[in-house]
Amino acid sequence: MENESIEDGIVALIKKAETDLSSDVVNALKKAHKVEQGIAKTQIETILKNIDLARKSGRPMCQDTGIQTFFVSIGIDFPYIDKIKEWIVNGVKKATKEVPLRPNTVDPFLGKNHGDNTGEQIPYINWDINDGTDVKIISFPKGGGSENMSKLGMLKPGVGIEGVKDFVVEEMIKAGGNPCPPTVVGVGIGGGADLSLKLGKKALLRPVGIRHKDKTIAAIEKELIERINKSGIGPMGLGGKTTVLDVHIEKAHRHPASLPVGIVVQCWADRRAEMIIHSDGTWEVK
Ligand code: SF4
């Protein structure tokens, strides 16, 4: 097992996420470009040109390269589980120099920046255990402008799902152009305060345009897309038909006295990439 080769794989994973926007997001932006007019159309055109340039030049698509966030799914029979965190941390340090990434981690009290995108709890790694011998790592760099528009609502259960929908629409209208729309909105309903936000972020891993498998939830997602887009906030908040590219909902059971709703917003730079590490140390980035 060559640690260095896998750390280089993590660098390739981060580079892919930062420079090559997934086709589902690009296609949704192209669709938006067709329906928009005037300044909104120009904004989407600029975004699409920027995406193309980033891919061709291998440079990050946005100056804010985000907080390095990962979703790791470990096959229980993978033989090097104890090494995964080290690979990711070292990969982030290398990627900071090689991609390069903006040094984006500061101590909340001192403002001190390590300069390599690591720090306490960062990179932020979400762990999950499954059957099998492979490890799947999703890189999900998260920009500050869109993350700042996240919201937690501890709603009164009596407001019901109609109250949840109103809360999401109102918050997205309040966010306006701040999260660099058109955005993708992840909504976590239920669980507790922390779980609803976690579900909201996890919901963003679902490709744009894919509806929830539960038909009732899928219909609510569609309704929210329409209602938010009717606001007219538009691309980059300058007016237009496309404020969101998609809304994804995930749910958990809740306490009878609580109705937590976690909203996590992702900007047009909806960056994601996936890597598989096999038990023999070979890897591929998709
Ligand atoms: S919100 Fe997204 S597009 Fe806007 S500056 Fe941050 S990372 Fe870039």
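These legends describe close-up views of a predicted model.

**View 1. Helix α3 spans residues 38-57.** The helix has 20 residues. From its first C-alpha to its last, α3 reaches 28 Å. That is close to the 28 Å expected at 1.5 Å a residue. Just after α3 comes Gly58, with a positive phi of about 70 degrees.

**View 2. The buried residues of α3 line one face of the helix.** They are Ala40, Gln43, Ile44, Ile47, Leu48, Ile51 and Ala54. Buried here means under 20% relative accessible area. Seen down the axis of α3, these residues fall within an arc of 130 degrees, so they share one face. Their cover includes α1 (3-19) and α2 (23-35).

**View 3. The other side of α3 carries exposed residues.** These are Lys49, Leu53 and Lys56. Exposed means over 50% relative accessible area.

**View 4. Five strands form an open sheet.** Their order is β2-β1-β3-β8-β9. The pairing is mixed. At the edges lie β2 (124-130) and β9 (283-285). Each edge strand pairs on one side only. From one strand to the next, the twist averages 15 degrees.

**View 5. Strands β8 and β9 pair in the antiparallel sense.** Strand β8 covers residues 273-277. Three bridges join β8 to β9. Within β9, Trp283 is the bridge partner of Ile277. Strand β9 is also an edge strand of the sheet.

Methods
Residues are numbered from 1 along each chain as its sequence is written. This is a predicted model: local features need pLDDT of at least 70, side-chain atom pairs count only at pLDDT 80 or more; totals for chains, interfaces and linings use all residues. Side-chain values use heavy atoms; hydrogens and water are left out. Helices (H or I, at least four residues) and strands (E, at least two) are DSSP runs, numbered from the N terminus. The expected span of a helix is 1.5 Å times one less than its number of residues. Buried means under 20% relative accessible area, exposed over 50%, partly exposed in between (1.4 Å probe, protein chains only). The arc is that of the directions from the helix axis to the C-beta atoms. Contact means heavy atoms within 4.5 Å. Two strands pair if DSSP finds at least two bridges between them. Axes are lines fitted to C-alpha atoms, for helices over the stretch in contact, and angles run from 0 to 180 degrees between N-to-C directions.
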